[in-house]
Amino acid sequence: MNRDRPHAYLVDASLYVFRAWHSIPPDFTDVDGHPVNAVHGFTRFLLDLLERAKPSHAAICFDESLTSSFRNAIYPEYKANRELPPDELVRQFAYCREVAAALGMTVLTDTEFEADDLIGSAVHALDTHDCGAIIVSADKDFGQLVGDSVEQWDFSRDQRWNAQGIKQRLGVHPHQVADFLALMGDAIDNIPGIPGIGAKTAAVLLAHFETLDALLERREEVAFLRMRGAAGIARKLHEHADMARLSRRLTGIAVDAPVPRGLTDYARRAPDEAAIGTLFDRLKLGPMTRSRVRSLAS
């Protein structure tokens, strides 16, 4: 990535909220006695990010579409294996959005598009302004967005990678990641894929055929490839071709979500001291956290 051009940090917020929810005991409560452990952890994460990266532009992207994503219309079973978050966590997500906004960052959320789509659409919007992006997430799905002006940063492990890093991690190029995921399927998101095809096989097939469409069009050739179980793989491709195409519609990140299109829309603002004071009082966040916010403001 060219460090001379501006770049924005696009945060997959829900990942870090869930991590805080699972790792911090529910001993922290707001003034009404409701748990705010995830909020406390997420606030610390945001402050760590601001202190380390000092972003001039940033957007914090939340998932609000667990049952209402456009993917549910394509495949009603999409993410149907996931439990809905409890009321305590829903309440904390609302607090997390408030904290991010009060700290001066753009908050993106939508009931039809997931955080991945909001980030993908923001990447495309920023690119029109010659602004690069750093996607803050460990999710492999974002590999399809990585390129010359886009990097991914696993903040918790402090590992960054570019397009070459995607090839090293997944065995495919960024433009192949959505096809790769469609072939494998994804048990977490309940994406079916093709039974019996794992990461290594998917990578080998895409190295030979380049795209999922080409693979399915020429699937009769698979039986003659020098790979273990080639005949069985060819048979599975014949039997499950339609499911692979359906899966591909689910794994691709949308780039047409309703996100801000101007570069200034992503500019980081000064923390809203009045909002922070009121909000932090409700959350019972202590003097050390408030001191960190004051340091950022100065």
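The model is predicted, so local features need pLDDT of at least 70 and side-chain atom pairs count only at pLDDT 80 or more, while totals for chains, interfaces and linings use all residues. Residues are numbered from 1 along each chain as its sequence is written, and side-chain values use heavy atoms, with hydrogens and water left out.

Helix 8 itself spans residues 199-209, and its buried residues are Ala202, Ala203, Leu205, Leu206 and Phe209. Helices here are DSSP runs of H or I with at least four residues, strands are runs of E with at least two, and both are numbered from the N terminus. Buried stands for under 20% relative accessible area, exposed for over 50%, and partly exposed for values in between (1.4 Å probe, protein chains only). Seen down the axis of helix 8, the buried residues fall within an arc of 165 degrees, so they line one face of the helix; the arc is that of the directions from the helix axis to the C-beta atoms. Lys200 and Ala207 are exposed on the other side of helix 8. The cover over the buried residues includes helix 6 (163-170), helix 7 (177-184), helix 9 (212-217) and helix 10 (230-239).

Helix 10 holds Ile233, which is buried with a relative accessible area of 8%. Not counting residues up to four places away in sequence, Ile233 touches Ile197, Thr201, Leu205, Val222, Met227 and Arg228, where contact means heavy atoms within 4.5 Å. Ile233 and Gly196 are 37 residues apart in sequence, and their C-alpha atoms are 8.0 Å apart in space.

At the N-terminal end, Asp272 caps helix 12, with a side-chain oxygen 3.3 Å from the backbone nitrogen of Ala274. Helix 12 is followed by Lys284, whose phi is positive, near 55 degrees.

Two polar side chains come next. Arg71 lies in helix 3 (residues 70-74) and counts as buried at 3% relative accessibility. A polar contact of 2.7 Å joins the side chains of Arg71 and Asp117. Such a contact is a pair of N or O atoms within 3.5 Å; within protein, one must be able to donate a hydrogen and the other to accept it, and residues adjacent in sequence count only if both atoms are side-chain atoms. Beyond its neighbours within four places in sequence, Arg71 is in contact with residues including Tyr78, Gly252 and Ile253. Gln144 is placed in the loop between strand 4 (132-136) and strand 5 (150-154). Polar atoms of the Gln144 side chain lie 3.0 Å from the backbone oxygen of Asp141 and 2.9 Å from the backbone nitrogen of Ile253.
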